[in-house]
Amino acid sequence: MVATRLALGLTVAVLAGFTGVGLWYARGRIDTSEEFITARNSAREGRLTATLIASVMGVWILLAAPEAGASFGIAAVLGYAVGEAIPMVAYAKLGPRIRELIPEGHSMTEYAHARYGAAMYGFVVLVSGLYMFVFVAAELTGIARALSLVAGVPQWQTATLVGGFVLLYTGYGGLRASIFTDTIQALLVLPLLVAAAAGAVLALGGTGAVYGSVAAVDPALLDPAFAAGVQFGLALAFAITGAELLNQTWWQRIYAGTDGSTVARGFRTASVANGLVVFLAAIFGLVAVGYADVVTDITSAGYNADVALFLLLEAAFPAWVSLAVVLLALLLVMSSVDTLFNALASLVTADLPRLLAGPDDRTLRLGARALTLVVAVAAIYVSLRARSVLRLFFLADLLGAAVAVPLLAGLYSTRLTGAGALLSSLLGLGVGLTFFPDFRGLLSALPVVGGALPAADPLYLTSFAGAFLGSAGATLVAARLSSAEFDLATLSRDIRRLDEPPATDGGEVSD
Amino acid sequence: MAMGQAAFAAVLWGAILGVFLVFCYEVYVVGRDAGWVG
């Protein structure tokens with residue numbers, strides 16, 4: 001075990017270092033609310049790709065990804081990796097389209113309002129906000145858990161330190177500070193991950209020894225056709241794809257890229273990078289089963305697959321390796337938490353001009369910073385109180401899987417209406433909830449439908465696939481049956497920069 | 001059927017090499033953007 005004071009010292013040093021860098025970089029660059037939440041056209045390919053990698057690669061890759069590998073084997077590892085890659089591939093296509101249709105946009109919620117109206121807008125705010133908030137709370141819970149396991153650091157200290165330091169530079173420097181620190185963090189995380197993985201394989205005696213150890217404990221984990229693994233892997237692919245398509249983080253970075261082709265290239269590279277990183281992290285959960293006493297029966301009181309990687313560290317490696325993993329975890333958590341703080345603040349800030357009727361830019365900047373503070377304090381509080389963030393994560397994933405296709409189809413279909421998109425989302429959500437294994441008591445208590453529910457799917461595949469494919473099918477039908485004709489050109493008229501007055505219907509805005 | 005030892009080795013080292021190549025590409029692109037490499 002690493003000494004508590006050493007781990008705390010490293011934590012404070014890393015946090016203070018990146019906070020200093022973020023504050024230094026943002027100084028004098030954030031003059032408007034527009035700069036704070038958009039950083040429009042500022043990131044070239046290298047910086048954009050780095051932030052697309054660092055934003056989503058949180059401390060969860062050391063906890064949830066290995067958990068899937070330890071519990072369901074190589075098929076689930078592949079499903080996790082595919083699930084991370086698909087949204088990036090999708091946004092490589094969607095990004096340039098979004099920039100073309102809404103050149104002065106900021107967020108998916110303002111698009112939802114302009115394209116579909118208030119009801120769908122409200123639903124998208126709820127789903128996207130819930131997903132990102134659960135994500136950031138899970139990150140703080142994860143890093144607190146990791147440092148508690150490796151070095152016995154009290155969880156409240158870690159969550160408060162990480163949340164507080166990240167709040168300092170994101171509250172001041174906004175998206176620009178987040179993207180700049182993300183670039184450095186990505187360039188540190190990738191080689192650290194390679195060195196840790198290669199070093200671990202060699203220290204364990206090579207791939208032959210690792211294979212033998214895992215095969216001796218549970219050969220099914222090495223079977224790509226292991227039925228439960230395939231089902232859970234597919235479920236993860238649907239869940240992560242749906243949820244990540246609703247992540248405001250990507251919309252911010254679509255506008256931060258210098259142009260459409262840079263955005264497309266950045267997302268394509270990130271799809272390969274994120275898929276590989278998750279694959280590598282998840283496969284070490286599988287490796288852990290061969291060397292540590294990993295309990296994968298979720299009904300057991302001794303269940304510990306969620307910390308499989310840290311059990312492997314404790315069982316097979318010296319303390320300095322654990323310290324390197326602490327450094328890796330800190331870099332991972334900072335890069336995703338700063339992104340999510342700013343993305344959550346931007347989700348609301350972009351809508352403030354409509355909600356407050358013409359506020360000046362100083363009010364908007366103050367609002368954005370106040371929202372960042374509220375998000376940070378709430379996330380720290382929830383991370384210290386939450387009993388099972390994972391169950392909330394699955395619920396947020398389910399909502400995302402139901403809303404993603406109806407929301408994004410409006411970028412291409414002129415016939416899909418707000419009512420059609422909302423009904424398609426609700427239909428997908430209904431299918432998903434029917435087979436959803438969590439919160440079963442609440443669902444069964446529903447009048448009329450509660451008693452008629454079929455058996456839940458403990459591996460989530462029917463639930464997530466049903467939500468995603470059900471809403472996608474309903475969207476196609478709704479668009480086909482509709483006789484409406486939406487003029488997509490109105491999106492660029494309705495959605496303007498925060499420092500420009502909104503256009504009136506059909507009117508022009510003078511320069 | 002469980003994958004063979006050679007396949008497992010290829011998958012594991014392939015993933016490590018893949019992440020390393022992504023890192024090299026990212027360093028190159030960041031350097032190119034900054035004007036450090038041609």
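**A tour of the contact between chains A and B**

Begin by showing chain A and chain B together in this predicted model: the area buried between the two chains is about 2,600 Å², and carbon and sulfur atoms give 78% of that area. If you then select the residues on both sides that are in contact, you will have 35 residues of chain A and 24 residues of chain B.

Next, select E45 of chain A and R32 of chain B, whose side chains meet in a salt bridge with a distance of 2.8 Å from N to O. The rule finds one salt bridge across the interface of chain A and chain B, and it also finds eight residue pairs in polar contact there, with both residues of each pair at pLDDT 80 or more.

Now colour the elements of chain A that give two or more residues to the side touching chain B, which are α3, α8, α9 (207–217) and α12 (260–289). Among these, α12(A) provides the largest share, with 10 residues. Sorted by class, this side of chain A holds 25 nonpolar, six polar and four charged residues.

Finally, stay within chain A and select helix α3 (residues 45–56) together with helix α8 (residues 155–203), which pack at an angle of about 75 degrees with their axes 8 Å apart. Because angles of 65 to 115 degrees count as roughly perpendicular, α3(A) is roughly perpendicular to α8(A). To see where they meet, show R47(A), A50(A), T51(A), I53(A), A54(A) and S55(A) in α3(A), which face I179(A), F180(A), D182(A), T183(A), A186(A) and L190(A) in α8(A) across the contact. By class, this contact of α3(A) with α8(A) has seven nonpolar, three polar and two charged residues.

Note on methods:
Residues are numbered from 1 along each chain as its sequence is written. Chains are lettered from A and ligands numbered from 1 in the order in which they are written. This is a predicted model: local features need pLDDT of at least 70, side-chain atom pairs count only at pLDDT 80 or more; totals for chains, interfaces and linings use all residues. Side-chain values use heavy atoms; hydrogens and water are left out. Axes are lines fitted to C-alpha atoms, for helices over the stretch in contact, and angles run from 0 to 180 degrees between N-to-C directions. Helices (H or I, at least four residues) and strands (E, at least two) are DSSP runs, numbered from the N terminus. Angles under 35 degrees count as roughly parallel, over 145 as roughly antiparallel, 65 to 115 as roughly perpendicular and the rest as oblique. Contact means heavy atoms within 4.5 Å. Ala, Val, Leu, Ile, Met, Phe, Trp, Tyr, Cys and Pro count as nonpolar, Asp, Glu, Lys and Arg as charged, and the others, Gly among them, as polar. Buried area is the accessible area (1.4 Å probe) that two parts lose on being put together, summed over both. A salt bridge is a side-chain nitrogen of Lys or Arg within 4 Å of a carboxyl oxygen of Asp or Glu. A polar contact is a pair of N or O atoms within 3.5 Å; within protein, one must be able to donate a hydrogen and the other to accept it, and residues adjacent in sequence count only if both atoms are side-chain atoms.
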